[in-house]
Amino acid sequence: MGVISNGTTLLDAGALDSGVATGAMTLIKTLTASSSANLSFVDGSSSVIFDNTYAEYVFKFYNMHPATDDKNFQFQTSVDGGSNYGVTATTTCFRAGKNEDNSTSTFGYFAADDLTQSTSYQRLDAGRTGNDADSGMSGTLQIFNPSSTTFVKHFIHDGNTHKSNNQSMHALVAGYFNTTSAIDAINFQFASGNIDSGVIKMYGIK
Amino acid sequence: MAIISNAVTIADAGAFSASLGAMVHIKTLTASSSGTLSFVHGSSSVVFNNTYPIYQFKFFDIHPATNAAEISFNVSIDTGSNYNVAKTTTCFRSYHTEDDNNATLDYVGDFDLAQGTGFQPLALNQGNAGDESAVGTLTLFNPSSTTFVKHFCFSGNNSHDANTPGAVSGFFAGYANTTSAVDAIQFKMSTGNIDAGTIKMYGIKDS
């Protein structure tokens, strides 16, 4: 940050941030879906930072709405700048659900949405997301230390989905990408069909 | 914050602080074969009082020196002279092994406390292979209250020990059962040193 008047730097020359508390959570990038096949955040592309600048990255999902009914919202990562999204992962998933008509309550481990040393996309909605006009999925995904070349890459997701059968589903997904290569890109999509609408914000935590 | 020159306010009139963010980094500690890591109010630039209503501690790749040990914590009400506040806590986990032989969601009674003054684990059977570690976020609410007990919530993920490698997603919560202000917190492994890892402390404003 600096104070510049008529082309002259009055204060700072860009170094003020180092001396002034600017908050620990920094917005890096916002992507908005509009009939999008996928949304990707790639280090070094479109102003995205996804390296060792931050020890933790947080992705917040706002009303991810599928073009096709009853589809999983999911993600994978890349160790080659987004050329390939298929890093081996072992993960867990459990969920709590409730139907609007009070007919069904669900709680338990959900093996259908975990991964066992798999390179598939990881589902984040523990069921499938509906595409009624008011349906969608929102939540928060944390990825810790993605640039480490020593440790596996742990992640934790906590989100909620409005399913096509008018059910509220709370999904808690966590695990690790079993690689010691640095992760430098992440891709979000529905299992099939486009992301009709929705916003993903990427933050770095200092 | 404002920018004032020769007694004339050039910009802001005092409103700049609104853009500074609610999450403030307080202190980072990095382990290197460390017995403990402690954050003590008033020591080494640590603020741990009523300045913030919520404090968060983030764990990055905590690596134990000893296999099947757990990162754990306790709090102090006498600025770190003693870490032994009574706690009642809960623990449940979601566990999935790399060979797919175990996929479980269960309460883990071995890792809870019932008015125990010992350290509270924040992981389950951590592995100490070269690439194994634990991560997570511990949130401590209103530690300076002299009215209420001190609630905490933790969620994290760790690599299970190498005998049965897998992902363990741990959820720990509870309260330190004291109406005295908590002013220090200490982390250590259940046995052996913290070989490596980083813990960052944050204060959450206006919450």
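Guide: A nonpolar core is a set of buried Ala, Val, Leu, Ile, Met, Phe, Trp, Tyr and Cys residues joined through side-chain atoms within 4.5 Å, where buried means under 20% relative accessible area with a 1.4 Å probe, counting protein chains only. This is a predicted model, in which local features need pLDDT of at least 70 and side-chain atom pairs count only at pLDDT 80 or more, while totals for chains, interfaces and linings use all residues. Residues are numbered from 1 along each chain as its sequence is written, chains are lettered from A in the order in which they are written, and side-chain values use heavy atoms, without hydrogens and water.

Visitor: Which residues touch the most other members of the largest nonpolar core?

Guide: That core has 40 residues, and the ones touching the most other members are Phe57(B), Phe59(B), Leu138(B) and Phe187(B).

Visitor: And what is Phe57(B) in contact with?

Guide: Leaving aside neighbours within four places in sequence, its contacts (heavy atoms within 4.5 Å) include Phe39(B), Phe48(B), Leu138(B), Ile185(B) and Phe187(B). A second, separate core of 36 residues includes Phe75(A) and Leu124(A).

Visitor: New topic: how many residues of chain B are in contact with chain A?

Guide: There are 44 residues of chain B in contact with 40 residues of chain A.

Technical notes: Buried < 20%, exposed > 50% of the residue type's maximum accessible area, 1.4 Å probe, protein only.
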